[in-house]
Amino acid sequence: MRTSKYLLATTKETPSDAVVISHQLMLKAGLIRKLASGLYTWMPMGLRVLNKVSRIIQQEMDAAGALEVSMPVVQPAELWQESGRWEQMGDELQRLKDRHERDFCLGPTHEEVITDLVRNEISSYKQLPLNLYQIQTKFRDERRPRFGVMRAREFMMKDAYSFHIDQDSLELTYELMYETYSKIFTRLGFNFRAVEADSGSIGGNSSHEFHVLADSGEDEIVFSSKGEYAANIDMASSLDPATKRLSPALDKTLVETPNTSTIEEVCTLLKVQAKQVLKTLIALGESADEDANQRPLVALVLRGDHQLNEVKAAKIAGVHSPLSLANEDQIAALLNCKPGSIGPVDIPESITVIVDRDAAVLADFVCGANQDDHHLTGVNWDRDCKIGKIADLRNVVEGDPCPDGNGTLSLKRGIEVGHIFQLGNKYSQAMGLSVLNQNGKSVIPEMGCYGIGVTRIVAAAIEQCHDEKGIIWPDNIAPFHIALIPLNAHKSEQVSQLADKLYRDLTDAGVEVLYDDRDKKTSPGVKFADMELIGIPHRLVISDRSLEQNKLEYKHRSDEDSQDIPLENALEFLTNKVMS
């Protein structure tokens, strides 16, 4: 492709709302343009990358035996009401009405639509297992779209759905999809990790996320320093504390702590470490009453240096899911104090107390006194307060012992680009999908779900592969293989003719070339800077100086320096570089 006939939309300007590097570089390199908050037009250069990502995904999904379909973006409300998610999805579900006042939504995912399709097409176990996928536009009305295409309202996704006669069949396809995803992300050139994950609102009992490792990642992932254990922060756990609780050595004492509502303020005033202070959070409990003010309350107690894991807490019997903390009015009505002064001593019996494992082994600790501007020191379990239920409530931290006993835990940042789920029969049962088994009995199929954020992959690749000059694309998804740059072609017929010939020969050999034939008004420096910003892996420069020595100048995007290559071997050299 000649730049003179291409929409090369590079710019030096970085919009103020572009915070992460992928958003900045996608705008500067002319890959995308913003239409509205969370809505982007994909420019020709960006679309080439997006299409290459899609092709790799299609090839691997097809190789795994999945069948491609295409489902509507607009979905009838009746399907979502059948599954129970019409209200559950909340404001992210973009609802609309047609001219007949019938309710529809823009699909954020397609579990309902695919289940409806299969219940109308499949009737026998002989037609299973079946794995259907699509690469298609999704829409979620994000409250705060941010980070460019990383968290946009409209995005491209590969979503696949499998159907099985039993759990064993589901597990086989799940393992196959795990392997397929690993192949996809390897071909994309990613440094990635697969981790155990929470299934969230999608449902199901088992799931794995695939994360591209990047310092700018939104998510924390956890893995063993020695073994195979890996999980996201929501699911990660460590071994039970190795130490046992010591016998009390101090007396319980009430102390004044004016204007102290945070752990840091308490530690500073009382000159204690955060690991010796307990914090107590009051959450809503489970109840048949939908009125939050009528729900029972639950006290979640953990060490001051630890952070509550909301996903773990919400899975504990008696705790409302999703986790919801009580407001100040609810707390004041039962405890007569503000949130910063809550503690487990003399807490009302109507409040269930759940204590984190590490907090349960503390002795002589500091905690709130359930009295504003006061704390208790020298507090001990059993002697001064009931310990209640013990559970794993906290986020793991660097250096925690791995739950399998093999090494310690390390934490890194990751960008989630894929997620696979064992859904079970959540949707098939709710929507009346059944098939006849080999005994002629009607059974409800098991389902799996497998998603990849296609547009997010493009941003994740940039987050992982860039420098101060711009993008460094992995070869498989680069918009072009080679940037061909003739210098002063308007002055040298030899340079111009050779550039034209190399462009034809490389193109005929299947190499994708961006031929920078912009006129003399565009300086060599600007051409070099544009190609580095766009991130084309290979660069070939033709000049009179190099031709005098029968050589050309070659440089890989990630190299510091260029190298001279013999003119007569240039075609072979370049095709080997690109095709290897």
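# Briefing on helices, aromatic pairs and local backbone features

Tyr181 and Phe185 are both buried; buried means under 20% relative accessible area, exposed over 50%, and partly exposed in between, with a 1.4 Å probe and protein chains only. The model is predicted, with local features requiring pLDDT of at least 70 and side-chain atom pairs counted only at pLDDT 80 or more, while totals for chains, interfaces and linings use all residues. Residues are numbered from 1 along each chain as its sequence is written, and side-chain values use heavy atoms, leaving out hydrogens and water. Helices (H or I, at least four residues) and strands (E, at least two) are DSSP runs, numbered from the N terminus.

**Aromatic residues**

- The structure holds ten aromatic pairs; rings of Phe, Tyr and Trp (its six-membered ring) pair if their centres lie within 6.5 Å, and planes under 30 degrees apart count as stacked, over 60 as edge-to-face and the rest as tilted.
- One of these pairs is formed by Tyr181 and Phe185, which are edge-to-face at 6.0 Å centre to centre, with 85° between the planes.
- Tyr181 and Phe185 are four residues apart in helix 6, so about one helical turn separates them.
- The ring centres of Phe365 and Trp381 are 5.2 Å apart and their planes stand at 45°, so this pair is tilted.
- Phe365 belongs to strand 17 (residues 365–368), whereas Trp381 is in the loop between strand 18 (374–379) and strand 19 (389–391); the pair links distant parts of the chain, 16 residues apart.
- Phe365 and Trp381 are buried.
- One aromatic cluster is made up of Tyr178, Tyr181, Phe185, Phe190, Phe192 and Phe210.

**Packing of helix 2 and helix 6**

- Helix 2 (residues 44–63) packs with helix 6 (residues 167–187) at an angle of about 150°, and their axes are 10 Å apart; axes are lines fitted to C-alpha atoms, for helices over the stretch in contact, and angles run from 0 to 180 degrees between N-to-C directions.
- The two helices are therefore roughly antiparallel, a term for angles over 145 degrees, with those under 35 counted as roughly parallel, 65 to 115 as roughly perpendicular and the rest as oblique.
- Ile56, Ile57, Gln59, Glu60 and Met61 of helix 2 meet Met177, Thr180, Lys183, Ile184 and Arg187 of helix 6, where contact means heavy atoms within 4.5 Å.

- The buried residues are Ser22, His23, Gln24, Leu25, Met26 and Leu27.
- Their cover includes strand 1 (32–36), strand 2 (39–42), helix 11 (454–464) and helix 13 (524–534).

**Leu552**

- Leu552 is in strand 29 (residues 551–556) and counts as buried because its relative accessibility is 0%.
- Beyond its neighbours within four places in sequence, Leu552 is in contact with residues including Leu498, Leu502, Leu540, Ile565 and Ala570.

**Backbone features in loops**

- The peptide bond between Leu128 and Pro129 is cis, with omega about 0°; Pro129 is in the loop between helix 5 (111–121) and strand 7 (130–139).
- A cis peptide bond also runs from Ser321 to Pro322, with omega near 0°; Pro322 is in the loop between helix 8 (310–314) and helix 9 (328–335).
- Asn259, a residue other than glycine, has a positive phi near 55°, and counts as exposed at 70% relative accessibility.
- Asn550 is not a glycine, yet has a positive phi of about 55°; at 48% relative accessibility, Asn550 counts as partly exposed.
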